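This briefing goes with the sequence and model shown below. It is arranged by topic.

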Amino acid sequence: MDTPRVGIPDHLARRMTMPEQHEYLRAQHSGRFTRRGMLRAGAATAGVVAGTGLLGGPGLGSASARPLASAPLSPTLLSSPATSKVDGSLVAPFGRHLAFGADPQRQMRISWQVPFAVKRPYVRIGVKPWDLSHKIEAEVRGLHTPALSKKLPAVDQVYLHAALDNLRPGQTYYYGVGHDGFDPADPRHFSTIGTFRTAPARSEKFVFTAFGDQGVSYHALANDQLILGQNPVFHLHAGDICYADPDGSGTTGDVYDARQWDNFLAQTETVAKSVPWMVTTGNHDMEAWYSPNGYGGQSARWSLPANGFDPRHSPGVYSFTYGNVAVVALDANDVSYEITANTGYSSGRQTAWLDRRLGELRKQRGIDFIVIFFHHCAFSTTNGHASDGGVRDAWVPLFEKHKVDLVINGHNHVYERTDAIKGTRVAKKVPIGESVDSTRDGIVYVTAGGAGKSLYDFPVPDSYEGHVKDVESVDSYHWVKGGAKSPDKVEWSRVRYTGYSFLAVEAEPGRHPRLRVTALAESGARIDAFEVTRPGR
């Protein structure tokens, strides 16, 4: 979908970077917008990025009372986020979602929401559901969204976060979230107790799931329930999370509804309250009102590992290791040739960090596989977005240099899977049910964008398990610098499915490690399966 451009005339928005959109919205809302100010916006962009500091806040929340470092407070805080005139006993927490810290064996982040500001929010935690004696204060991050459209009211949202450190590997914990007037240890609220398990000290077989482009819908909810049935240890969401701005067209009918985040987090809670929900940023997640690069809202709503190149301003860039699998999250808005509002915002720092981080991970003992997920597709053939040449130019050479094992994308609202690719060509055909050695044969790229939003289509027939219709080539395109489309005659499109779906990946350590990758439709039917292997140790 197009870049979100709330309240900005289309003819201006198409020429504006995210910092320029942020400055425009702030000035327009405060009544300070002038034509002269707009003309200065381009020249002032660097000053806006450097000069708008995110507020540092009171960050209690770990067992050692260490401030949360994984995400800053939003620059649009509520005036008194810790004070409420509403009786706390009448305010119920909702939208719980977990995320790992940088070390999944010992760190977990618990986040949730309350409809009104509350006093002294906290988490109770213990190894037995009837003994939640350990109490950790929570950090408050409030967001204020003004009435950016005549159709919508102003919205105040209160997000709460607690950092749990010094946990035991492989341990199941029980937790409850509360505040003055609402104690999860009270028998009346016992049904709100949640649970999670830290990563084991030694590698063992496990499953994780992945998709992108979910939003709020019955299809999204159906996928969530199927995901829960896979018993995953974590879930990857490859951008375009809730679609608070549903189309980003910049027209008079374009609205930004921050309340969509409330709906999304309530929908996702059934899974995310027990399964760490690891997100990265898509083009719909650039919300210009909150911060110059559009990620202030992300920083308020999520607590993600703070080990990327710039965790304060790029919360969707990080890495973590679970068992024998290292996972790297990237922000493809930085390198996209198609949607350029944030193209180049890191000045190459993200790509340099990626090169360095992949090199470090490849040297670590115990890591067999590296899985990378981000939003824009390096390889896809849909009529919607197809392939982004910016991703190909910036990152594909690094994936091959460090022999990445699997790449997962969203952006195109379908399921599509490639053969093993080197450069832009097929290095080995990988029919359904076959295996690929990532050290020798190349990299398989998966588009898993059928999580819940309206579906795209392909220029050729679908081809999936039980419905194979191989074609010699697909006439498609990729985006090049300047926003133009360059024709491609594609031979690497192996599996195509126009339907709602997600990935389930089983990682198996040992002498002959392997990733068993399965794609499941919303009905639960299998539409694709293949294996990624590496030589035994």
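Which residues form a nonpolar patch on the surface? V86, L90 and F116 do, with about 300 Å² of accessible area together. The model is predicted, so local features need pLDDT of at least 70 and side-chain atom pairs count only at pLDDT 80 or more, while totals for chains, interfaces and linings use all residues. Residues are numbered from 1 along each chain as its sequence is written, and side-chain values use heavy atoms, with hydrogens and water left out.

**Surface patch**
- Patches consist of residues with over 30% relative accessible area and no salt bridge, with nonpolar side chains (Val, Leu, Ile, Met, Phe, Trp, Tyr) joined within 5 Å and like charges within 9 Å.
- A salt bridge here is a side-chain nitrogen of Lys or Arg within 4 Å of a carboxyl oxygen of Asp or Glu.
- Accessible areas come from the Shrake-Rupley method with a 1.4 Å probe, and for residues only the protein chains shown count as cover.
- L90 lies in the loop between α3 (35-51) and β1 (94-100); helices (H or I, at least four residues) and strands (E, at least two) are DSSP runs numbered from the N terminus.
- With a relative accessible area of 68%, L90 is exposed; the cut-offs are over 50% for exposed, under 20% for buried, and partly exposed in between.

**Whole chain**
- The chain has 9 helices and 27 strands.
- Of its 537 residues, 59% count as buried.
- Its accessible surface comes to about 20,300 Å², of which 51% belongs to carbon and sulfur atoms.

- L361 belongs to helix α7 (residues 349-363) and counts as buried at 1% relative accessibility.
- Leaving aside neighbours within four places in sequence, L361 is in contact (heavy atoms within 4.5 Å) with T321, A326, V328, I367 and I370.
- S111, in strand β2 (residues 108-114), is buried with a relative accessible area of 2%.
- The side chain of S111 makes a polar contact with the side chain of H161 (2.7 Å); such a contact is a pair of N or O atoms within 3.5 Å, where within protein one must be able to donate a hydrogen and the other to accept it, and residues adjacent in sequence count only if both atoms are side-chain atoms.

**Aromatic rings**
- Rings of Phe, Tyr and Trp (its six-membered ring) pair if their centres lie within 6.5 Å, and planes under 30 degrees apart count as stacked, over 60 as edge-to-face and the rest as tilted.
- The count comes to 19 aromatic pairs.
- F234 and Y322 form a tilted pair, 5.8 Å centre to centre with 55° between the planes.
- F234 and Y322 are 88 residues apart, and both are buried.

Notes. Buried < 20%, exposed > 50% of the residue type's maximum accessible area, 1.4 Å probe, protein only.
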